[in-house]
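Me: I'm new to this one. Can you walk me through a few parts of it?

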Amino acid sequence: MNQIITVGTSHHIAPLDFREKLSFSESQLTEALQLLTEQPDVREATILSTCNRVEIYAVIHSKDGGAVLSEFLSNYHRIEPQELKKFTYSHQDVDAVRHLFNVTASLDSMVVGEPQILGQIKEAYAQSLAAGATSDILNRLFAKAISVGKRVRTETNIAAGAVSISYAAVELAKKIFQSLEDKTVAIIGAGEMSELTARHLVKNNVSQVIVANRTYQRAVDIAKKFNGIPLAYDADLSFLVEADIVISSTDAPHYLIDRPALAEIMKQRKHRYMFLIDIAVPRDIDPEVSKVDNAFLYNIDDLEAVVAANLEDREQEAEIATQIVKEEVAKFQSRLQTFEVNPTIKALHQQFQGVASRELGTCLDKAQLTSKQQKMVEAMTQSIIKKLLHQPTKNLRQIALNPDLIEATDDSDGDHLQYVRTLQELFGLEETDTTE
Amino acid sequence: MNSLFFHTLLLVYLAGCILHILFLSTGNQRVAKYGYWVTIGGFVLHSAFILLRWQHAGHLMAHWYDSTSFLAWAIILIYLCIAHLTHLRTIGVFVVPAAFIATLVAYTLQTQENTAIPAYLQNYWLIAHSAVIFLSYAAFVAAFGFGLMYLIEERKIREKQHTLIYNLLPALGRSDELGHKCILVGVILMTMGILIGALWTQYVKEVKWTWVDSKVIFTIATWLVYVLQLSIRQVFGWRGRKTAYSAIIGLAAVLFTYVGVNLFLPSIHAF
């Protein structure tokens, strides 16, 4: 019987150096897929290889498909079986389906809700499709997995909210300004966090960066990284008139910007919005500043609170997403079960149709009926076929969905496929790839 | 027939309101989509209703309730235009209920037959004059919606509460910009409406232009509120909270001009 198997590793159970050993490079993938599908029992395969996880999904005609995949990985990457066993997991059938759905829903990711994984899965599937390594079952499985990933992202807010401080700052800027495209950022002082935030802002199309520092040379050095304008900063704040986003992180012991100073600047810039980010400890910007109209101030604690709240929200959304995955797994499972009997049902219908149309052909030639009568006979024949096959078709699907309905006999394993085999033998149906 | 139409329309708009509000409280994009399509359905139904009334009563604005119903229709029209142009569904949360309330008011007014508009006024001048004025009201309702959205979002940003609503509402700059555009469109339409009204008095003998009519006075006052706001924005860069407040004050003036004058003050426009 065919099994859906996944064997793999992820950041949950394996250190980076093991994941590196197990990973497949872009150029290795096609070759590896070919080697894998050449194995006698492997019917279909897809390999997913990202920096956080390496997984093989396969349809295997064997009692122990997991062992087949583990052996393949061990041989391909020359890893000791014991080490491989320690750092990999293996899931079968429904569990494998659930695992894949969890992965595409980003529930298994390091940061729940991260957007990359869905694209990576699409990419991996497209590659194995191109290599001819997938067929009926994996095609359906991956199409469904990708749609589950999309459903989770549209129906829950699992991907909403920044989960790092610099992204939180960028996100806030986007909530204040319509677009960052024609905006100017001013960095006062220096520091890793302010540079990182500035870099994210530049990536989001901020048009200009001003770097103000007490020492001009330092300003020049930092400005170079952003193609920005260096400024030697003293008590003069007039450059802020041009700045839409201000990131301050000096080690000054007192406030650099207070409320009256900012109110004056806001007037000069015609009250266009200003977003001030105070990363410095002790603070550079007087909290009173946030009372100025159209000026918005966030300090490091505020941003950290935003990130913490977002992470908490994602956890809650993950619970809804888990429910969606559960629902979809159940649906897919029943489809998978009827999937095994469908080719036989189809063959049976085709056989009946074939006999009917042959007999009808010879009969109609002799009988010389009017076209109306001819139509009636044809319709009656169709109706007889339909009614004859209705009950067996229904029963077969029913049994496929609930294998427990059949009692196991001594000489069989009691699975629904015994009916499929009987039908095939009795009616002389041709075997297809997906059943026995 | 009227009642059946009204009942169905009220139900459809109510469903539209509920779906929009549900969207804002759950963030489910699918619900937003349903709300949008239900509102479109309501709009189609409403358009059919207005055309039937027109045919039946022989006039688009035969009755006070016709005008209120038209206002509701215009609000939905403006909403659908905005939603189509900007893909913004959150504004629906604020304006679809306004349309629902207007429809409800129209339904209640339907029973008061004495508010019919005098026959001598019923001509194409009236249609042009009132349709344009009501479209401007609808634009002001949308501006009011953007004003509310701005104020809520600003409050969330200042209080550092990054809740679901914070995530769903558009950026401050966007609400402000769109609200400003709605006011601009509203002022242009209102100016046209006033001019059409003035021309009407020049060409038709039965209607005399008068400055002392209370509706005229309050309409001019409302117009001034918006024009003043636009000018200050242009010269001093007023934006954000001040624009939002003026959109709210402006709508209060509109409401008084439309409802208050009809109820409390004598006027040739008293219907």
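Predicted model: local features only at pLDDT ≥ 70, side-chain atom pairs only at ≥ 80, totals over all residues.

Me: Let's start with strand β6 of chain A. Why is it described as largely enclosed by the rest of the structure?

Reply: Because 5 of its 6 residues are buried. The strand covers residues 208–213.

Me: What stands opposite Thr184(A) in β6(A)?

Reply: Gln208(A).

Me: And which helix makes a β-α-β unit with β5(A) and β6(A)?

Reply: Helix α9 of chain A, residues 192–203. The unit is right-handed.

Me: Through which helix does the chain cross from β6(A) to β7(A)?

Reply: Helix α10 of chain A, residues 216–226. That β-α-β crossover is right-handed.

Me: New topic: helix α11 of chain A. Which residues are buried there?

Reply: Leu262(A), Ile265(A) and Met266(A) are buried. The helix runs over residues 259–268.

Me: Why do they end up on the same side of α11(A)?

Reply: Because they cover an arc of only 100 degrees around the axis.

Me: What about the other side of α11(A)?

Reply: Pro260(A) and Gln268(A) are exposed there.

Me: What do the buried residues of α11(A) pack against?

Reply: Two strands of chain A: β9, residues 274–278, and β10, residues 295–299.

Me: What follows α11(A)?

Reply: Lys270(A). Its phi is positive, near 55 degrees.

Me: Last topic, the two chains. How many residues of chain A are in contact with chain B?

Reply: 22 residues of chain A, and they contact 20 residues of chain B.

Me: Which helices of chain A each supply at least two residues of that side?

Reply: α7 (136–155), α8 (165–176) and α12 (300–367). The largest share, 4 residues, comes from α12(A).

How values were computed
Residues numbered from 1 in each chain as written. Chains lettered and ligands numbered in written order. Buried ≥ 20, exposed ≤ 12 C-beta atoms within 10 Å, placed from the backbone. Pairing = 2+ DSSP bridges. Right-handed = clockwise from strand over helix to strand, strands pointing away. Contact = placed C-beta atoms within 7 Å. Arc of directions from axis to C-beta.
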